[in-house]
Every structure is written in C-alpha cells, then in structure tokens.
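I'd like to walk you through a structure I've been looking at, so let me put it up on the screen.

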Amino acid sequence: MGPDFVLRGRTRRIAQAVADAMAPRWAEFEVDLSDEVLEEVERMIRAYPIAIQLAVLGSLYGIEFLSPLFGPGIKPLSACDRATVLQRMESIANHRVPQVRMLVMLLKVMVSFSAYSRPEVEGFLGYRRQAWRTARQAFRERLLAADPAELPPVPTPLADGRVVSPADYLRFFLPERAARPAAVTQGVAQGVATAATDAKEAG
Amino acid sequence: MSFVATEQKPASIITPAETRGDLVLSADVVVVGSGAGGATLATTLAEAGLRVVVLEEGAWYPTREYTANVPAMLGRVMRAGGGTAMMGRSPVPYLEGKCVGGTTVVNGGMCWRTPEKVLDEWARGLPELSSARLDAHFTEVETTIHARYQDDGSQGGVNDAFKRGADALGWKLSRNKRNQRHCVGSNDCVTGCPSGAKQSTQYSWLPRFFAAGGLLYTHCKVQKVRTEGGRATGVSGTLLDPWKARRFTVQARAVVLACGAIQTPLLLQRNQIGKACGHVGRHFTIHPNIKLSARFSTPVDNLQGTHQAWQCVEFRNEGILLAPGAIPLAFMSAIFPDFGPRLAERMRDARYIATGGILVDDHGEGRVRLLPFGVPWIQYDVTDADQAKFVRAAALLAELYFAAGAEEVYTPFHHMPVIGSPDDIKTLYRHPPRVEDTEYFTAHIMGTCRMHAHPKGGVVDADGQAWDLPGLYIADASVLPGTIGVNPQVTIMALARLIAIKLADRLKRRVAA
C-alpha cells in the first residue's frame with residue numbers, strides 16, 4: 001500500500017489478464033503492449049491514496065471471483081483465456097446497476113489511459129505527438145519574438161496576419177495521415193506478398 | 001509580469017529539500033492553496049504590503065516537465081492521481097489539480113465573467129457581489145491572466161467542425177476568451193500546458209506575488225487550523241518530505257483557506273469549524289457535463305488545435321451550454337464505453353473524431369463530508385430535471401454534428417451509445433436515458449462553504465470571513481453562493497480579489513489602531 005504499491009501474486013495475475021484483454025490490438029500493429037500497460041497501470045495505482053488503492057484491489061478481486069456469475073465458465077477470471085475475460089468484462093460493463101459497472105470501468109480507464117498514451121499507439125493512429133509538441137514550442141517561441149512590445153488590449157488575439165497567416169497557423173507541422181487500410185493481408189509468403197502488391201498498385 | 005514559462009524554480013518557492021527539521025514560520029497572512037483563489041488573494045495582499053506565506057500541498061513543475069504521458073502526469077499534478085469520483089446515482093469522476101497553480105494548471109483555460117443574471121441574484125443578499133462592484137476586479141483578473149481570444153488559425157479541426165454545424169443551423173456562438181498567450185494548439189491543457197502558453201496562476205499571479213516579497217512553501221499538507229481566544233491564529237500540518245515526515249507551523253494574523261470546494265470543507269470538518277451553521281459541505285454544485293463525439297469523413301485531428309475556441313450559447317436561457325472540447329487520445333479512449341478490440345477499432349478513426357461536451361446548470365445539491373476515521377465522502381446525484389436537460393442537449397449537439405457533416409455520433413448513454421443518423425436522434429426522446437445509464441464528468445465544483453449575509457444561511461460573510469471563527473477566511477470556489485453556469489476561474493479570482501482588498505484594509509486598520 002501507499003507509494004510503494006506493487007501488484008503481487010493473485011492480484012498481479014488478475015491485472016495481467018485484464019491488461020492483456022483490454023490492451024488495443026490491430027492486425028497491422030505487431031507490438032504486444034500488455035506488459036507495458038500493466039506497468040503503467042501499476043504506476044497509476046501507486047499514485048492513488050490508500051483508499052483508492054484498496055478500491056482497485058477490491059475491483060480486481062471482485063471481477064476475479066464474481067465474474068463467473070456474469071459470463072461463461074466457472075473458473076476465476078485470471079485462469080480464463082482472453083476471449084472469456086473480455087466476454088465476462090463486457091457483461092459486467094453492461095450491467096444495469098452503475099456501481100457494478102464501476103468494477104470494470106475503473107480498470108478500463110486505467111488501461112485506456114496507459115495504452116493510448118504510448119507513442120507507438122499514437123504513431124500507429126497517425127499522431128506524432130512528441131514531434132508535434134516540439135514543433136509547436138518552437139513556433140510559439142517565434143511568435144513571442146515577433147510580438148510587438150506593446151500588447152493590444154484584452155481580449156484581442158495577439159497573432160494577426162502580420163505575424164502568421166491564419167491558414168498557416170496549424171500547418172507548421174502536419175503528421176502523416178493515419179493508416180486506414182482498404183485491405184489487410186497477413187503473412188509474407190509469396191502469394192500474400194503478390195496480393196498485397198496488386199492491392200497497393202490498384203490504389 | 002512574466003508571460004513566458006520560467007524554467008528555473010523561483011527562489012521564493014521553497015521545497016522541503018531546502019529546509020531542515022520542523023518549520024516554524026510567521027506572517028501577516030497564511031494562505032492555504034495556490035490555485036485560482038489562493039494565488040489571486042495572496043498577490044493582492046502582498047502588493048498591499050503585507051507579509052504573506054502560501055502553503056501548497058503539491059510540487060512545483062517547470063513547463064518542460066509537463067509531458068504527454070497521461071498516467072504519469074495524472075500522478076504528478078492531480079489530487080489522488082486523478083482517481084477521484086463522487087458517489088451517487090451515477091458516479092461522477094472529477095479532477096482537482098494538486099501542484100503549484102492548483103487546478104489552473106490543468107483546466108481548459110476558459111475565461112468567462114459571472115453572468116449578469118447570476119450576479120443580480122447574488123447581489124440581492126450580498127450587494128458587494130453586484131456586477132458594478134465586481135467590474136474592476138474582473139478587468140484586473142482578465143488583464144493579469146491574459147484572458148484573450150485565440151490567435152486566428154489556432155482553433156483546429158475539432159473547433160472548426162463545431163462552428164460549421166452551429167453556423168449551418170444558425171445557432172449563436174460565443175468566442176471563448178482563454179488565459180493564454182499565443183496558445184499554439186498543442187492541445188494538452190489537461191495535463192499541463194507544454195509550451196507555457198496557458199497563463200495559469202503559476203505564470204500570471206504568482207510572479208507578481210514573488211515580486212511583492214511573498215513566499216510559497218510546497219509539499220505542505222495543512223491538517224490543523226490553530227485558534228487562540230476564539231480567533232484563527234495560524235495553521236499546522238505535515239511537510240510531505242519524501243524522506244521523513246516533518247511538521248510545520250505558521251503563526252499569522254489571518255488564515256485564508258483556498259483549497260477548493262472539496263478540500264476546504266473537509267479541512268473545516270476535520271477541525272470542527274462551522275458545525276454551528278450547519279452549512280459546511282452542503283449546497284455542493286458541480287456544473288456536470290457529458291461528452292459526445294462525432295466521426296467525420298475527413299480528419300479533424302484532435303491533436304492539432306486548441307481545446308475549446310467557442311461555445312454555443314443559443315440555449316443559454318435553458319441552462320444548456322454546448323461546446324467543442326479537443327482532447328488527447330488517452331482521454332478520447334476513456335470517453336467511449338467500449339474496451340479491448342471494439343475500442344481499438346473505434347480508435348482507428350481517432351483522427352476523424354471530434355469531441356465535444358454539454359454543460360448543464362444543475363439544480364441538485366450534493367454534499368462533502370467526513371465519514372468515521374476521517375474518510376472523505378463526496379455525494380452528488382444528478383436530478384431527473386437536470387437529466388431531461390442533458391437529453392435535450394445531447395439531441396441538440398447530435399443535430400449540430402450531423403449538420404456539420406458527421407457520419408455517426410457517439411453518446412455517453414449506455415442504452416444508445418451510437419446515433420447513426422439525424423433520424424435516430426428522436427430515439428433519445430422516445431427512450432430517454434436514465435441518470436444511472438449516463439456517464440458524467442465535472443471539473444467545476446463549487447459552493448460548499450457558501451457566502452451569505454446571515455450566519456444561519458452560510459459559512460462565510462460578505463468579507464469571506466467565517467461566521468464561526470473570526471480571523472479565518474475562505475477564498476475559493478466553495479464560497480460561491482450558487483451555481484454560475486460558466487467556467488468558474490474568473491469568478492473565483494474576482495471574489496478572491498474582493499476578499500483580499502477588504503482583508504488588507506482590515507489588517508492595516510488594526511495596525512494603525
């Protein structure tokens with residue numbers, strides 16, 4: 001408990017099963033994020049006060065032993081395969097009582113925050129946030145340098161057309177478009193590679 | 001005045017590493033909290049020539065330490081690592097900043113004066129709160145925090161899509177003023193501005209406070225309000241030194257609590273202050289909001305552009321505010337009810353998804369209280385009347401997004417997470433979602449130690465002084481006499497300034513006498 005919190009034994013196994021089921025997976029994205037997500041979730045729990053840490057542990061034990069009531073099978077959650085874990089958690093997440101849904105939603109938020117903050121996920125979805133931030137910081141420095149010493153009255157915007165044209169304001173750095181493939185091929189065998197090449201050439 | 005993010009820690013900010021042993025300090029005024037209320041009040045007092053010490057529970061972070069890693073930043077700058085929620089018919093998560101600058105570091109930066117209608121109502125019992133008397137304070141606040149319109153072109157696709165929809169329907173938009181200087185649209189407001197553009201109190205009031213000789217101590221968790229002869233005479237608590245627990249004590253002629261609408265009433269209750277009036281922790285309003293998002297056929301790029309450039313005020317008289325709200329991917333992923341593969345597929349379209357929100361003037365009242373063993377319990381129930389407004393507002397926002405060209409709209413309602421076409425909007429009215437089936441959120445918490453002209457009606461008087469304990473003042477969102485229907489930071493700052501000017505006069509008169 002407290003700032004030295006670590007998931008151990010059964011709680012680690014439950015959290016591992018949850019992270020493994022909830023972490024994003026795409027056919028074209030080959031990175032398995034489960035371990036990194038679990039590590040990040042653990043760090044989030046560490047920052048919580050003891051009362052919330054207890055609530056998280058309660059949620060983990062709750063879904064471990066109560067989830068068989070909501071889904072297929074009778075095994076504890078940590079002993080189930082990914083599909084079963086997901087099925088049970090979806091049943092809980094759709095329960096009519098909001099307090100029951102909370103069992104899953106708190107874990108869902110932690111996993112989502114952890115997974116979708118990762119640069120490789122952002123990159124896959126078409127965002128290069130770190131580069132964007134760096135470019136924006138540099139751009140702001142230029143704007144500050146170009147600012148007149150006399151500030152116009154509040155609430156006038158500062159940068160008018162003389163400093164930067166509105167059309168160019170956000171074009172200073174544009175990330176590549178997100179991958180939205182029309183077709184997905186799996187494997188690199190000759191037939192698959194040929195099909196992929198044909199599809200690409202067909203646009 | 002400093003507009004640029006200072007990368008070196010100001011010498012007037014003192015961390016536990018710079019001191020040894022227990023701290024014993026004295027000042028004219030000790031202020032607990034460095035957010036919107038605390039920093040404004042402390043600056044005003046220090047500039048009036050008083051010796052002021054500010055105690056902040058969180059740490060100081062330079063701009064370069066506001067990273068894009070959401071879990072890490074939540075652990076650093078948010079109370080309880082961002083894991084805070086109020087209990088009720090549907091639990092409502094909320095965010096409270098815990099760092100130098102308080103919640104002003106992590107808010108969206110919207111700057112709205114208190115609506116005239118609200119001030120007129122307040123002024124009936126508290127003439128000091130009339131718009132005529134507050135006008136100068138509002139102006140000073142707006143100048144100090146640099147409340148400005150966004151630079152043209154910085155708005156980004158999410159805001160543009162919202163505007164397109166509102167324009168198509170002929171609905172009235174109001175351009176947001178935000179406390180920023182050249183916000184360049186990196187859109188990380190909620191985890192701390194990475195470019196130093198947001199003029200949180202860290203970069204607006206506090207540099208003035210330090211220039212006037214004020215001192216700020218970080219990692220100070222105040223536990224006790226000290227009293228002597230029926231007056232507040234200081235505070236004491238624990239220094240959150242990472243190596244060992246140390247104590248601090250501050251003796252002062254006046255004590256000001258500015259810890260926010262949840263921590264201030266909890267501190268009062270821990271010290272058994274305000275029990276007689278029976279209002280501490282009550283009249284809790286949260287200006288609840290729900291999130292809607294919409295998928296477009298062309299990218300809107302949440303990442304690029306400002307958090308919120310305008311608000312739709314067409315339905316203001318009904319207590320409904322519609323607004324865009326661009327957010328980073330991590331937060332976007334959390335607003336969808338899905339998880340796992342289904343969420344992954346939804347997020348594949350992240351660049352095409354515009355996020356927005358609905359704020360409703362709430363008429364319910366919650367409560368902040370201490371349970372046995374000092375456990376805080378925050379209770380708030382969205383009322384059925386407010387829920388009816390949410391349903392109407394969700395229908396309106398969906399209409400706006402479809403008018404802007406959206407292909408699908410995603411709602412926070414469990415039984416109807418997706419609206420596939422404009423015709424489907426009617427379903428919301430036919431089968432209105434219950435409070436229990438709706439996901440809410442709030443960042444506007446207020447009213448738990450309300451200001452009132454009579455000791456039986458509130459916790460503090462028109463000067464911000466506690467009715468039950470002379471010498472104890474409150475200057476944060478908890479003193480607001482009621483819900484205000486707009487983002488509250490400018491209101492909090494204006495009231496803090498009003499309280500500070502009166503307090504400075506009173507302390508100076510006492511010295512002269």
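This is a predicted model: local features need pLDDT of at least 70, side-chain atom pairs count only at pLDDT 80 or more; totals for chains, interfaces and linings use all residues.

Let's start where chain A and chain B touch.

Now zoom in on one pair of helices. Helix α2 of chain A, residues 34-47, meets helix α2 of chain B, residues 70-77, and their axes come within 9 Å. So how do these two helices lie relative to each other, roughly parallel or roughly antiparallel? The axes cross at roughly 10°, and angles under 35 degrees count as roughly parallel, so α2(A) and α2(B) are roughly parallel to each other. From α2(A), the contact uses E40(A), R43(A), M44(A) and A47(A). α2(B) answers with P71(B), A72(B), L74(B) and G75(B). By type, that contact has five nonpolar residues, one polar and two charged.

Next, helix α1 of chain B, residues 36-47. It has 12 residues and spans 17 Å from first C-alpha to last, close to the 16 Å expected. Here's a question for you: how many of its 12 residues are buried? It's 11, so to speak a mostly covered helix. The buried stretch includes A36(B), G37(B), G38(B), L41(B) and L45(B). What covers the buried residues of α1(B)? The covering elements include β2 (23-32), β3 (52-55), α6 (205-211), β12 (246-257) and α12 (489-512), again in chain B. Just after α1(B) comes G49(B), with a positive phi of about 95°.

The other helix I want to show is α10 of chain B, residues 384-403. It has 20 residues and reaches 29 Å end to end, C-alpha to C-alpha, against 28 Å expected. Among its buried residues are F390(B), V391(B), L396(B), L397(B), Y401(B) and F402(B), but also Q387(B) and K389(B). This helix, too, is followed by a glycine with positive phi: G405(B), near 105°.

Last stop, chain A. The domain assignment gives domain 1 (2-121) and domain 2 (129-168). The centres of those two domains, taken over C-alpha atoms, are 43 Å apart.

That's my tour, happy to take questions.

How values were computed. Residues are numbered from 1 along each chain as its sequence is written. Chains are lettered from A and ligands numbered from 1 in the order in which they are written. Helices (H or I, at least four residues) and strands (E, at least two) are DSSP runs, numbered from the N terminus. The expected span of a helix is 1.5 Å times one less than its number of residues. A residue is buried if 20 or more other C-beta atoms lie within 10 Å of its own, exposed if 12 or fewer, and partly exposed in between; C-beta atoms are placed from the backbone. Two residues are in contact if their C-beta atoms, placed from the backbone, lie within 7 Å. Domain bounds come from an automatic or database domain assignment. Axes are lines fitted to C-alpha atoms, for helices over the stretch in contact, and angles run from 0 to 180 degrees between N-to-C directions. Angles under 35 degrees count as roughly parallel, over 145 as roughly antiparallel, 65 to 115 as roughly perpendicular and the rest as oblique. Ala, Val, Leu, Ile, Met, Phe, Trp, Tyr, Cys and Pro count as nonpolar, Asp, Glu, Lys and Arg as charged, and the others, Gly among them, as polar.
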